[in-house]
Each structure stands twice: as structure tokens, then as C-alpha cells.
Amino acid sequence: MSQVHRIYLVGLPASGKTTMGKQLAEHLGIQFIDLDAEIEKVVGQSIPDYFSFQGEGNFRIKEKETLRNITAANEQFVMATGGGAPCFHFNMDHMNETGTTLFLDVSPGDLALRILDQGVEKRPLFKSYDQQDLIQEVRDLAENRLAFYNEAKIKIRDNRITLDKIISYLKS
């Protein structure tokens, strides 16, 4: 970790990208960026509202534009990407070319419990599911996105990812 540039955290919703991203950025003494929060600033709406009114296709275009604008404007950061960001518009290729990608690989069962604890209304993709359906939906989403996530330079498979684990993976 001698030279820190851009670190992109990728993974399914509720995998800990924002929580771990904030801790890692603080540890490294660099800026933390939440891609979804930056998109909200650009569009002037919450992600769930933008999703509802503009649709996923328009959201994914804004996501790509925002990601590239942030990358162009900043040499160093830790970024929590949205769960789908790596899967559209060659975003994963872009992140791999411009920084270090880190996949937080948490089991679908654990993710479903976290989503329920946080409240499904905060997650536009899951707002209409009950507990059983949610677990299956997270499994399906994992299956669809895993090929993209697995392109990450670093993969941490653990249901209890800690800052120390992330730092040790970055050093190796």
C-alpha cells in the first residue's frame, strides 16, 4: 500500500461497501466518496425516487457519467460503488484501469438479513419482497452479477469483513 490512488469497493447491496469505505478512507487519510450519494447530488433526487421516475436505464447512464467524472477529477479516494455499478457500461473495466477494485463477497443469506434490518424501502431493487423471496432475489442477483464482481483485483470472501482484513489484502 505504498502508493494509494483510487480504491473502488464493489459488491452486492448491504455488503458493507459504505461502512468499510469510510473506515478505509479515514485510515488512509484520503477522501471517501459514495457513488450513489454523488449521483443524488447530480440528479437532485434520492436514488429510489430517480429509479421510480426515470427508470433503471437512465439511472445507469447517470451512474456511468458520475463515475467517470469523479475519476477524472480525483487522483485519490476510496469509493463505495452502487451494487450494480460494475455491471453496466463497462464500469468494471473503467475501475480496473483507473484504480484498485476490491470485491466484498458476503453470502446472500447474510445480505438478505442486513437488508431486512436496514429496511427494504432504502433498497429500490428489493422493496417489494418478503423475507423468503428476498433471500432468493439476493441469490439471483448474486448469480447475475458475480461474473462482473469477480473481475475485481482483490476479492474478500467473508461474512464479517473488517478494516484489518481489507488492509491486509491491500498490502499483499
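A salt bridge is taken here as a side-chain nitrogen of Lys or Arg within 4 Å of a carboxyl oxygen of Asp or Glu, and helices are DSSP runs of H or I with at least four residues, numbered from the N terminus. The model shown in these views is predicted, and the structure holds 8 salt bridges.

View A. Glutamate 38 is partly exposed at a relative accessible area of 24%, whereas lysine 41 is exposed at 61%.

**View B. Lysine 62 pairs with glutamate 65 in helix 3.** In this salt bridge the N to O distance is 3.7 Å, and the two residues, 3 apart in helix 3 (residues 47-73), are separated by about one helical turn. Lysine 62 is partly exposed, with a relative accessible area of 26%, and glutamate 65 is likewise partly exposed, at 35%.

**View C. Arginine 160 and aspartate 110 meet in a salt bridge.** The N to O distance between their side chains is 3.6 Å. Arginine 160 lies in the loop between strand 5 (154-157) and helix 7 (163-171), and aspartate 110 in helix 5 (residues 108-118), so the pair ties together parts that are 50 residues apart in sequence. Arginine 160 is exposed, with 56% relative accessible area, while aspartate 110 is buried, at 18%.

**View D. A network of salt bridges links Glu56, Arg60 and Glu63.**

Conventions. Residues are numbered from 1 along each chain as its sequence is written. This is a predicted model: local features need pLDDT of at least 70, side-chain atom pairs count only at pLDDT 80 or more; totals for chains, interfaces and linings use all residues. Side-chain values use heavy atoms; hydrogens and water are left out. Buried means under 20% relative accessible area, exposed over 50%, partly exposed in between (1.4 Å probe, protein chains only).
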